[in-house]
Amino acid sequence: MRTVAFSSTSDCTEVALRSVQPLADTPLRVSDCLWDAALHQPAEKFLSRCGKRIREAIVQEAFCMAGGLGQPPAAVAEAIELLHAGSLIIDDIEDGSIERRGAPTLHLEIGLPLAINTGNWMYFRALEKLSDAVLSRAAQQRAMLQVIRTIRRCHEGQALDLSIAVDAMDPNQIRPAAKAISRLKTGGLTALSAYLGGIAGGGASKVRAALGQFGMGVGVCLQMHNDLNELCRFAGGAPRCDDLRNARVTWPWAWGVQTLDRIAFAELQRDLRVALGHEGRPTSAARQAAHLEMHDAEGTEERLRCVAERLLEAVGEIGQRSIDAKLERTLEQLGEHVPSTSSIRSILCVLQGPRGDA
């Protein structure tokens, strides 16, 4: 069995430095210190915060399973990391988050306008990175098309995520919404990692498709785990739960629909509305964290924590069982098309316990 080595903090910094080189094509000479303050330092500040780098490891494994020899083009993995980092920066702004990877969110550190620009810049820098990858013309065209399609679908998933509120939804619509959001956002980006690895490795169309489906399954599992883990941390004493605070549609709510009767689930939704100060008010897709500022912060947190505890009690162990079953099905489906899948398990082990952002 081949061991998959995850990147260290120093590796992350190295990628950050390679990813944010001075802009050689600028028509007018601008002082390096100005570029550093405007772009390089904000980007490096975020990129140097290492996550689990699961997507980079999936690129490598998919490349090998598709028949590639040695290492995949570095630009492919770097493009994925830039896309992921950019999406996290924008997500944190839209969610009103205060922490990412153990540090203040970028928009709180450098200001909202510059953080938005940095996150958006990473999307385009990722496309540029991919265009520089050593791939055949046909492979590069397939890769670029898939990246553009994935970014577009991620924004569609984010639109759905931002526009609906779990405390005002028909319970029958919660699980389909959670699945759609997961597949369009986290699932899509992880599927892209596997698919690009397959392209770089020269895999046939059936192999690339199987790797993409595998990546999609892993991405959905990642979202399940993140949703459950945030709720558990908050119920255990963590100071904040962005998902509850923003009434997001998450997997614990989808699992709660399975375990609670309709009356009990409706009561839980009402408890969330009361905690957020929405009870008796017209619901709106534009409800955001600003609403909480109108209420006593300590009292709001206590009410939200009660909702979290009740939801976790209702879900029980179904969450982890769902994640494990999804992973097993995903591996089985991959094995039907790509026989050598044993080393991929070392990537998936990060889902077996408490973990931070990936």
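**Exercise 1.** At what angle do helix H2 (residues 32–47) and helix H6 (residues 112–131) pack? Classify the pair and describe the contact.

*Solution.* The model is a predicted one.
- Step 1: the packing angle of H2 and H6 is about 75°, and their axes lie 10 Å apart.
- Step 2: angles of 65 to 115 degrees count as roughly perpendicular, so H2 and H6 are roughly perpendicular to each other.
- Step 3: H2 contributes Ala37, Ala38, Leu39, Pro42, Ala43 and Leu47 to the contact, and H6 contributes Leu114, Thr118, Trp121 and Met122.
- Step 4: by type, the residues of this contact are nine nonpolar, one polar and no charged.

**Exercise 2.** Describe the salt bridge that Arg125 forms with Glu128, and state whether each residue is buried, partly exposed or exposed.

*Solution.* 
- Step 1: the closest N and O atoms of Arg125 and Glu128 are 2.8 Å apart.
- Step 2: the two residues are separated by about one helical turn because they are three residues apart in helix H6.
- Step 3: buried means under 20% relative accessible area. Arg125, at 14%, is therefore buried.
- Step 4: Glu128 has a relative accessible area of 40%, so Glu128 is partly exposed.

How values were computed. Residues are numbered from 1 along each chain as its sequence is written. This is a predicted model: local features need pLDDT of at least 70, side-chain atom pairs count only at pLDDT 80 or more; totals for chains, interfaces and linings use all residues. Side-chain values use heavy atoms; hydrogens and water are left out. Axes are lines fitted to C-alpha atoms, for helices over the stretch in contact, and angles run from 0 to 180 degrees between N-to-C directions. Helices (H or I, at least four residues) and strands (E, at least two) are DSSP runs, numbered from the N terminus. Angles under 35 degrees count as roughly parallel, over 145 as roughly antiparallel, 65 to 115 as roughly perpendicular and the rest as oblique. Contact means heavy atoms within 4.5 Å. Ala, Val, Leu, Ile, Met, Phe, Trp, Tyr, Cys and Pro count as nonpolar, Asp, Glu, Lys and Arg as charged, and the others, Gly among them, as polar. A salt bridge is a side-chain nitrogen of Lys or Arg within 4 Å of a carboxyl oxygen of Asp or Glu. Buried means under 20% relative accessible area, exposed over 50%, partly exposed in between (1.4 Å probe, protein chains only).
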